[in-house]
Amino acid sequence: MIELRHLRRIYPGRPEVVALDSADLMISEGEWVSIVGPSGAGKSTLLNLIGLLDSPSSGSYLLEGVDVATLGHNRRAELRSEMFGFVFQAFHLVGSRTVVENVELGLVYAGVSRRDRRARAVEATASVGLAERVDARTPTLSGGEKQRVALARALATNARVLLCDEPTGNLDSETGAKVLAQVSKAHHRGMTVIMITHNHEVARLGDRIVHMRSGRIVEGGGS
Ligand SMILES: Nc1ncnc2c1ncn2[C@@H]1O[C@H](COP(=O)(O)OP(=O)(O)OP(=O)(O)O)[C@@H](O)[C@H]1O
Ligand SMILES: [Mg+2]
C-alpha cells in the first residue's frame, strides 16, 4: 500500500538538516507498524511525508501504486483526507468549535450526510471516553483530551491509514490503554496503523517495529 524508495527530506538552512536519509519502507494494507527511535531521528518527518503533509527532497513515494509526486494539488488534498487520519502532537483542532463539532468536521470532508454526521461523531467521541465533554470548546480540554478528540475524528471518518505521533505520550496509563484499545479495534476492522512511540510496550502492539536513527531506517523497513 505504501512504498517509499530512497526517500530523503532535507530542511534547508545553515547548516541544512538531513531529517530523512534515503529511507526505504514498505507497508501493506492492514498492517500495524510501530516507529521507534531517539528524539530527532526523523520519525515525525517520515509520518508527515507518508500523510502527504510534506514533500520529499528526493526519492519516491508510491501510494497504492501511484507515484504521489505526479499528483496535482487538489488530488493530493483529496487523497490526504480520504486515506489518512491524523493523531498528532499538534492537534489541528478548531478552537471556536466544540468537541463533537470538531469530530463532525472530519465527516464533512469525508462526504457523510448531515443527518448521519452527528450520530457518528457522538459515538466516536464516546468511544475515546469523552462522552461528557462533547459540547466543550476544545481550548478548555487538556492535552490528552485534545489528542483523544483527534483520534475520535480519525476513527469516525473511517480513514484507511491511521497516523499516530505519540498518541499516548500525554496520557495516564488507564486513558492510554483506552485509546490503544480503540486503535486495536480499528486495526481489527482492517485499518492500517502507523504509530510513533517512545514506549516499548506500546511499540510491541504493532505487527512490526521500524527502528530509526539519525534520519535512517536502521531496522524493520521491510523489503
Ligand atoms: N521544519 C524544520 N526545519 C528544520 N529542521 C527541522 C524541521 N523539522 C524537523 N527538523 C529537524 O529534523 C530532524 C528530524 O526531526 P523530526 O521531527 O522528524 O524528529 P523526531 O524523530 O520526530 O523527534 P521527536 O521524537 O523529538 O519528536 C531533527 O534534527 C529536527 O531538528
Ligand atoms: Mg516527532
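1. A residue is called buried here if 20 or more other C-beta atoms lie within 10 Å of its own, exposed if 12 or fewer, and partly exposed in between, with C-beta atoms placed from the backbone. Val87 is buried because 27 other C-beta atoms lie within 10 Å.

2. The model is a predicted one, in which local features need pLDDT of at least 70, side-chain atom pairs count only at pLDDT 80 or more, and totals for chains, interfaces and linings use all residues. Residues are numbered from 1 along each chain as its sequence is written, while chains are lettered from A and ligands numbered from 1 in the order in which they are written.

3. Val87 belongs to strand 6 (residues 84-87); helices (H or I, at least four residues) and strands (E, at least two) are DSSP runs, numbered from the N terminus. Leaving aside residues up to four places away in sequence, Val87 touches Gln147, Ala150, Leu151, Ala154, Leu162, Cys164, Asp165 and Pro167, contact meaning C-beta atoms, placed from the backbone, within 7 Å. Val87 and Leu162 are separated by 75 residues in sequence, yet their C-alpha atoms are 7.5 Å apart.

4. On helix 6, the buried residues are Val179, Leu180, Gln182, Val183, Ala186 and His187. They lie on the same side of helix 6, because they cover an arc of only 155 degrees around the axis, taken from the directions from the helix axis to the C-beta atoms. Their packing partners include helix 4 (114-127), helix 5 (143-156) and strand 7 (161-165).

5. The face turned away from the buried side of helix 6 carries exposed residues, among them Ser173, Glu174 and Lys185. After helix 6 comes Gly190, with a positive phi near 115 degrees.

Conventions: Two residues are in contact if their C-beta atoms, placed from the backbone, lie within 7 Å.
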